[in-house]
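Student: I would like to learn how to read cavities, pockets and surface patches in a model. Could we take them one at a time?

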Amino acid sequence: RDEILFKQPENNCYGDCPICCLPLPPKRRKKVLQTCCSTVICDGCCYANKLRKGMNDIKCPFCRHPLPATTAEAKANKMKRVEANDPVAIRQMGVNCCKKGEFDTAFQYLTKAAELGDIVAHYLLSVMHKNGEVGEKDEIKRVYHLEEAAIGGHPEARYELGMIEFGIGMERMDRAIKHWMIGANLGDEQSLTALKLGYPTGFVMKKDLAAALRAYQAAVDGMKSPDREVAAEIAKQENY
């Protein structure tokens, strides 16, 4: 299990934007889920799409389907994708149910999405087991779903696994550092911060921290583009 668990994923679980082919950022607000095809597009390509087509003729940058004009239309699009067994759409339904406090239904959706291979669904299931939203709190199931998410390239799952190992005791510190190194390589800021805090205490070697800093910066730089920077600035101005 450890051989698989501590293998560095090639990419984070969000993959690449299908338009610009750059890695998608982990932060939710920097990417947009298209309800028509359940494709996730980076905010930069969504911004460029609006400039190219004009505000009155916006279509999905990926499938070219007209964007929904109403909430009801967007919901109908989601249901079509759910009926087609689209794991991303099924996961999103689970997220919506969680927001409403419908945890049993959310658990069913997220479990199905995870069974269909959705990595984010595994992470969300770990959160439900941690909070006891599906019966009693279950640390064993939480760790299982965190590990499945981490193996699939989920940055935050890596950080949390590292914190769990750190909490067990100093004898597990080497495992915590491995998780955080992998997380930093995926561009996870929390993992990098944990390594920085571990350096003054002697738990993190100078060469390891230096390698993590280089890998983190490379991952972050790989997610940048002029359109994404403009979109981020517009979002900042609009307090999005």
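Predicted model: local features only at pLDDT ≥ 70, side-chain atom pairs only at ≥ 80, totals over all residues.

Student: How many cavities of 30 Å³ or more does a search of the whole structure find?

Tutor: The search finds 1.

Student: Which residues line the largest cavity?

Tutor: A cavity is read through its lining, meaning residues with an atom within 4 Å of a grid point. Here these are Leu33, Gln34, Thr35, Ser38, Lys78, Ala89 and Gln92. By class, the lining has 2 nonpolar, 4 polar and 1 charged residues.

Student: How much space lies in the second largest pocket?

Tutor: About 180 Å³. Its lining consists of Thr71, Ala74, Lys75, Lys78, Met93, Asn96, Cys97, Lys100 and Glu102. Helices α3 (71–83) and α4 (87–100) each contribute at least two lining residues.

Student: What classes of residue make up the lining of that pocket?

Tutor: There are 4 charged, 3 nonpolar and 2 polar residues. Lys78 belongs both to this lining and to that of the largest cavity.

Student: Which residues form a nonpolar patch on the surface?

Tutor: Met163, Phe166, Met170 and Phe203 do, with about 350 Å² of accessible area together. Phe166 sits in helix α8 (residues 155–168).

Methods:
Residues numbered from 1 in each chain as written. Heavy atoms only, no water. 1 Å grid on protein atoms, 1.4 Å probe; cavity = no way out; pocket = protein on both sides within 12 Å on 5 of 7 lines; lining within 4 Å. Points joined across faces, edges and corners; volume = space filled by probe spheres on them. Helix = DSSP H or I, 4+ residues; strand = E, 2+ residues; numbered from the N terminus. Nonpolar A, V, L, I, M, F, W, Y, C, P; charged D, E, K, R; others polar. Patch = residues over 30% accessible without salt bridge, like charges linked within 9 Å, V, L, I, M, F, W, Y side chains within 5 Å. Areas by Shrake-Rupley, 256 points an atom, 1.4 Å probe, with all protein chains shown as cover. Salt bridge = Lys/Arg side-chain N within 4 Å of Asp/Glu carboxyl O.
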